[in-house]
Amino acid sequence: MEAKVEARPVVKVEAPAPAWEDARAAAEQHEIKMTARDVNVYYGDKQALFDVSLDILDRSVTAFIGPSGCGKSTFLRCLNRMNDVIEGCRVTGAITLDGEDIYAPWVDPVQLRARVGMVFQKPNPFPKSIFENVAYGPRIHGMIKSKADAEEIVVTSLTKAGLFDEVKDRLHESGTGLSGGQQQRLCIARAISVNPEVILMDEPCSALDPIATARIEALMEELKENYCIIIVTHSMQQAARVSQRTAFFHLGKLVEVDDTTKIFTNPKDTRTQDYITGRFG
Amino acid sequence: MIGYILLAIIALSLISYVIGRRRALASVEGRQEELHSRPTYHGAFVAAWVGIPAFLLVLIWLALQGPVIDQLLLASLPVGTTEGMDKGQIGLLLSEIRSVAAGNVFGEPSLVVQEAAERYQRWQMIARYAMVAAAFSLALIGLFLASRRISPEFRARPGTERITTWLMIACSLIAILTTLGIVISLLIEALRFFDRVSPLEFFFGLNWEPQIPIREGQITAGGAFGAIPVFAGTLLIALIAMAVAVPIGLYSAIYLTEYAHQKVRATVKPVLELLAGIPTVVYGFFAVLTVAPALRNFGEIIGLPIAPNSALAAGAVMGIMIIPFISSLSDDAITAVPRSMRDGSYAMGATKGETITKVLLPAALPGIMGGVLLAVSRAIGETMIVVMAAGIIATLTANPFEPVTTVTVQIVTLLIGDTEFDNPKTLAAFALGLVLFVVTLALNVLALHIVRKYREKYE
Amino acid sequence: MSDVQTIDRAELQDYWTSAGAKRRLRKRYAADRRLQAYGVIAIGLAIGLLGILVASLVVTGLPAFLQTKVNLDIYVDPVKVDPKDPAKGNFRVLVRDALLAQVPAPETDQQKAALVKILTSDAPYIVRDYVVAHPETIGQRITLPIAVSDPFDQLYKGVIPKEVEALNWTQERWFKQLENRGVVMAHDGRVFLKLDVYLDSAKVESGDFTALARDSLQTYLPDVKDPGLFAMLADDAPEVIRQRVEAEPGLAGKSVQIELPVSAPYQQLAEGKTPMVLNSRFSPAQIAAFDALIAKGLVILPFNWELFFNADSRFPERAGLAGAIAGSFYALLVCFLLSVPIGIAAAVYLEEFAPKNRFTDLIEVNINNLAAVPSVVFGLLGLAVFLGFFGLPRSAPLVGGMVLSLMTLPTIIIATRAALKAVPPSIREAALGVGASKHQVMLHHVLPLAMPGILTGTIIGMAQALGETAPLLLIGMNAFIPSVENMGILEPATALPTQIYSWADSPERGFVSRTSAAILVLLGFLVAMNMVAIALRHKFERKW
């Protein structure tokens with residue numbers, strides 16, 4: 001169905017062909033990893049998210065898109081309870097991981113954040129060596145009992161993040177001495193080191209150059225085989241390139257969530273259409 | 001007298017200001033717009049050229065008058081009067097002449113002294129009148145020359161502003177002058193000390209007994225100037241102080257930055273700063289009044305003899321004084337670690353304590369180290385607490401229950417009393433002062449260097 | 001890129017829910033709570049120590065704000081005081097007679113002198129000054145409040161006790177040891193020690209019964225070397241031995257058991273009471289006289305205004321801070337007049353006019369270093385240059401002020417620069433845009449806006465200077481100033497912190513409380529100055 005647009009041509013986005021033609025069949029192949037029901041977030045008196053409900057599928061990439069300040073990062077941070085760290089922030093509603101409410105009183109945020117990892121917009125490696133950066137998480141969660149353990153985990157994580165070959169000779173140099181793209185991959189390796197099930201990425205490529213961005217996007221493609229990846233991005237093209245499902249946020253509300261191809265070719269909501277055609281940004 | 005002269009100069013400058021202003025207005029017959037600069041600048045220009053040279057003349061004259069007259073006086077004494085006298089005795093002679101001239105006569109001064117006193121009085125008067133005359137003439141010359149330049153085209157404002165700029169530069173140079181003054185005066189006296197006592201003995205000797213008998217003819221015999229016990233005592237007390245201040249200061253800073261509510265932080269931080277505002281003489285008295293007796297009683301109870309002026313008492317109180325240095329600088333260092341570090345750590349599933357100990361503190365370490373070094377520098381240079389609470393006898397010991405003495409205590413005790421400038425006791429104080437200055441300077445520079453070099457550049 | 005193996009999710013689940021995981025988690029949180037606890041303890045310690053400091057100062061210092069005085073009824077005998085020259089009158093006798101009229105009469109002159117010691121030694125001068133100022137009182141009776149001397153001042157305020165324990169812990173232990181051996185007997189209202197006395201023939205011959213008594217006691221406590229042990233025996237103990245020997249001369253050379261009476265304190269101890277003895281600072285006659293004065297209602301405890309208006313004195317009851325406060329005032333005045341103009345000028349130059357080259361860098365580094373130089377080094381500088389080279393008078397507030405101004409200069413420069421930096425560049429640009437010169441921009445626009453910050457920094461700098469002691473000590477500014485009359489900027493002077501130091505050194509009890517009181521006065525000034533600075537900052541704070 002052609003979108004009703006006046007002078008501007010419809011932007012036809014070529015999404016990378018998924019492995020399955022039928023979206024329904026695709027949903028059946030993937031389990032639901034995380035759900036949100038009626039989530040509201042308040043910063044003091046200001047409300048940032050209004051009744052957000054959606055499902056996130058496992059072993060796939062879900063993208064959150066929307067204009068600045070629409071609440072997509074806020075919602076992302078709810079998924080690993082990073083909003084707990086902010087004073088005055090209140091979250092209501094239910095968010096589950098594998099069917100269990102992560103805001104239940106007996107759930108420990110410390111353990112939750114090992115299962116739901118996070119990569120930030122600006123690479124933030126610790127001022128430690130590359131080795132120690134990656135070993136940090138496993139150490140505090142008691143996964144490392146010997147030097148051999150540490151080495152194995154570090155090498156595996158760096159390999160999975162596609163960084164090992166570049167840094168294998170300088171594992172004990174400072175992590176902050178790497179280039180931007182390498183630092184971000186280091187942060188991804190760090191997130192992977194504790195064997196998370198979900199990886200959250202908050203605009204992971206916005207501080208990187210196009211070549212580094214391409215590498216990370218390729219990495220995401222690999223990682224999605226084993227992890228549930230949720231990425232916030234302000235680049236619609238990126239969302240179209242890497243994700244299987246896309247959710248569009250606007251002014252704190254979830255406007256529409258669907259398969260990526262559907263969102264970019266045949267959105268149901270006019271707001272979605274206006275956004276992807278560039279009417280507002 | 002000097003006050004009146006200065007007031008006269010100020011009055012003269014004000015008069016010149018009015019004269020200058022009038023002349024400027026007169027030169028354009030009242031039409032101010034035709035002047036390059038406003039009349040007030042013309043006035044200020046003249047006033048500056050009148051007041052400043054005269055003022056400088058008076059300052060320099062006063063500064064040099066003393067030494068110059070002293071030299072003339074010595075030269076005027078009958079030949080042989082000062083034969084065989086060392087500098088200290090010459091100084092005494094001059095003091096006597098000055099006292100007699102001022103009317104304080106003790107006993108029977110010799111004829112030579114009396115005559116010299118009369119000469120001194122006369123010369124003082126002559127010098128005083130000469131100075132007034134010179135200053136006055138300089139002011140008048142300045143008035144004449146400056147007011148001649150007044151004309152409608154005269155660029156008075158830039159001229160005045162140039163003068164102002166030079167004044168400001170002079171003021172800025174005072175900082176350098178002060179440092180130079182410190183270094184030079186310390187060096188000169190210290191070198192005179194090392195003329196008498198070998199540097200080897202000073203820096204490596206183990207015996208500090210600077211009791212020099214002040215008798216005629218005695219020079220250096222009878223005093224030991226081995227400063228190692230003094231340095232050791234300084235280090236011991238500084239160490240005790242750090243042992244008190246670092247744990248309390250660091251843990252307080254950690255709690256206030258990471259755990260405390262905003263309101264708690266807002267009330268507790270100023271209270272900790274209070275500790276830094278209390279004058280050190282108050283701490284010294286507190287040490288003597290309360291801490292030392294309490295420690296001694298405690299020692300009696302557990303059967304350990306603790307001296308009333310033990311290193312522990314002085315060091316502990318000094319530690320209390322230093323707490324705010326550590327807590328404030330550590331607070332700054334920890335707060336400077338950017339949010340992204342904290343977020344990164346929490347996102348990995350770390351507890352607050354782990355984030356602090358494994359991420360924040362290592363990241364803030366250069367800043368904290370800088371703070372510790374600055375605190376050590378402060379502890380070493382601290383005077384009143386140790387003067388009142390620590391010992392005077394230099395014992396070489398590592399036992400905190402015994403009394404020790406420090407560099408600053410020795411400087412004070414050596415100089416309170418008579419201040420003959422050639423007595424090795426006095427000079428020893430300057431030698432100690434030089435060591436103190438160099439060491440504290442080095443520590444400060446090192447602290448700054450560490451903070452600058454190792455601080456992670458967080459863009 | 002690389003081989004990505006699949007992860008076993010089931011294994012992971014077990015890992016996070018295992019008992020080991022729970023235990024690890026508990027330990028981690030425990031460590032977190034411990035860290036928090038350490039923080040609270042540290043803050044508690046710091047605040048607690050501050051509290052102890054303030055408390056000990058207040059407790060010891062408050063009594064000094066009151067002074068015990070006696071309202072003395074004095075007859076200004078015209079025989080003793082010549083109306084033509086009142087200052088030369090014999091006021092000492094007037095005071096003595098006035099005092100003795102009120103108390104039980106003593107016998108000897110020595111006792112009279114001891115009674116007069118109840119009043120301050122300055123008493124004759126107090127009366128003299130009053131009579132000289134009011135000559136019409138010659139021939140009249142006047143009542144003047146005369147301060148008492150320090151021991152009685154402390155006694156009346158309850159700082160030192162009237163009676164102290166007669167025996168210390170060691171002496172009581174000796175007695176206890178003897179009790180345990182069973183040699184303590186009590187009968188006929190007296191307590192005795194039943195001791196084996198060896199009647200050494202030589203000593204019996206020479207009649208040295210005291211030695212016999214002592215030796216016998218010593219044998220029971222051989223380890224005690226303290227000769228105070230022998231005070232345990234009553235004065236008539238040797239007499240008892242002598243009587244025994246006289247009664248039975250044949251005992252010479254033998255050992256015999258004799259009951260030796262004990263002295264009064266030990267008698268009381270045996271009876272279970274705590275033996276007290278009059279504080280050795282007072283004689284019984286003095287105490288009786290003092291009690292008589294109190295009974296007559298002549299002893300008052302008014303506010304000690306002399307603490308603020310008197311100059312220093314050898315006698316703590318008459319010592320005041322007037323000289324110190326005046327000296328500090330002069331020194332701070334000089335400091336202010338020197339450091340503020342120079343500091344502001346230097347800061348303005350460095351911040352607004354100076355080109356960014358190595359020379360100005362050097363000046364900045366210098367200023368920062370000077371701020372960290374120990375204060376005693378400035379004292380050495382003052383001594384060597386101001387006193388030594390320029391020959392300025394020792395101990396003068398001018399020199400003190402000059403040294404203090406060198407120390408305050410970096411503070412003022414740094415504070416002024418911060419205040420100047422806080423003024424936004426838009427103000428400067430706007431002024432330049434209407435054609436003002438750089439100097440005019442500074443003088444007319446920027447400086448007035450930065451003034452509150454500069455003032456705050458100045459007040460804080462002055463407060464720091466007020467508390468500085470070491471450099472003033474080195475230039476001798478802790479002279480003994482018994483009168484404020486000849487004070488000037490070039491005359492020897494003292495300052496508040498150096499006065500505190502001098503008084504702290506004095507042994508009299510009265511000076512201990514006065515030192516604390518002087519500290520409280522100093523802290524009072526500092527608090528006031530800081531409050532003014534904070535109030536200024538709040539009032540003029542502008543959010544750009």
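Because A:Asp98 has 16 C-beta neighbours inside 10 Å, it counts as partly exposed. The term rests on a count: a residue is buried if 20 or more other C-beta atoms lie within 10 Å of its own, exposed if 12 or fewer, and partly exposed in between, with C-beta atoms placed from the backbone. This is a predicted model, in which local features need pLDDT of at least 70 and side-chain atom pairs count only at pLDDT 80 or more, while totals for chains, interfaces and linings use all residues. Residues are numbered from 1 along each chain as its sequence is written, and chains are lettered from A and ligands numbered from 1 in the order in which they are written.

A:Asp98 is found in the loop between strand 4 and strand 5 (100-101) of chain A. Helices (H or I, at least four residues) and strands (E, at least two) are DSSP runs, numbered from the N terminus. The phi of A:Asp98 is positive, near 50 degrees, although this residue is not glycine. A:Arg81, also not a glycine, has a positive phi of about 55 degrees. Its place is the loop between helix 2 (72-79) and strand 4 (89-97) of chain A. A:Arg81 counts as buried because it has 20 C-beta neighbours inside 10 Å.

Helix 7 of chain C (residues 169-181) has 13 residues, which at 1.5 Å a residue should span 18 Å; its end C-alpha atoms lie 19 Å apart, in agreement. The expected span is 1.5 Å times one less than the number of residues. Within helix 7 of chain C, C:Gln171, C:Phe175 and C:Leu178 are buried. Seen down the helix axis, these buried residues fall within an arc of 55 degrees, so they line one face of helix 7 of chain C; the arc is that of the directions from the axis to the C-beta atoms. They pack against strand 4 (184-187), strand 5 (190-198), helix 9 (209-220) and helix 11 (264-270) of chain C. The face turned away from the buried side carries the exposed residues C:Trp169, C:Thr170, C:Lys176 and C:Asn180. Just after helix 7 of chain C, C:Gly182 takes a positive phi of about 80 degrees.

In chain B, helix 4 (residues 111-148) has 38 residues and reaches 55 Å from its first C-alpha to its last, close to the 56 Å expected. Its buried residues include B:Val113, B:Tyr120 and B:Leu143.

In soluble globular proteins, nonpolar side chains tend to be buried together. A nonpolar core is here a set of buried Ala, Val, Leu, Ile, Met, Phe, Trp, Tyr and Cys residues joined through C-beta atoms within 7 Å. The largest such core has 269 residues, and among those touching the most other members are B:Ala287, B:Ile385 and C:Ala346. Helix 7 of chain B (residues 228-259) gives the most to this core, with 17 residues.

Finally, the chains meet. Two residues are in contact if their C-beta atoms, placed from the backbone, lie within 7 Å. The contact between chains B and C takes 70 residues from chain B and 64 residues from chain C. Helix 5 of chain B (residues 156-196) gives the most to the chain B side, with 19 residues. That side divides into 43 nonpolar, 22 polar and 5 charged residues. Here Ala, Val, Leu, Ile, Met, Phe, Trp, Tyr, Cys and Pro count as nonpolar, Asp, Glu, Lys and Arg as charged, and the others, Gly among them, as polar.
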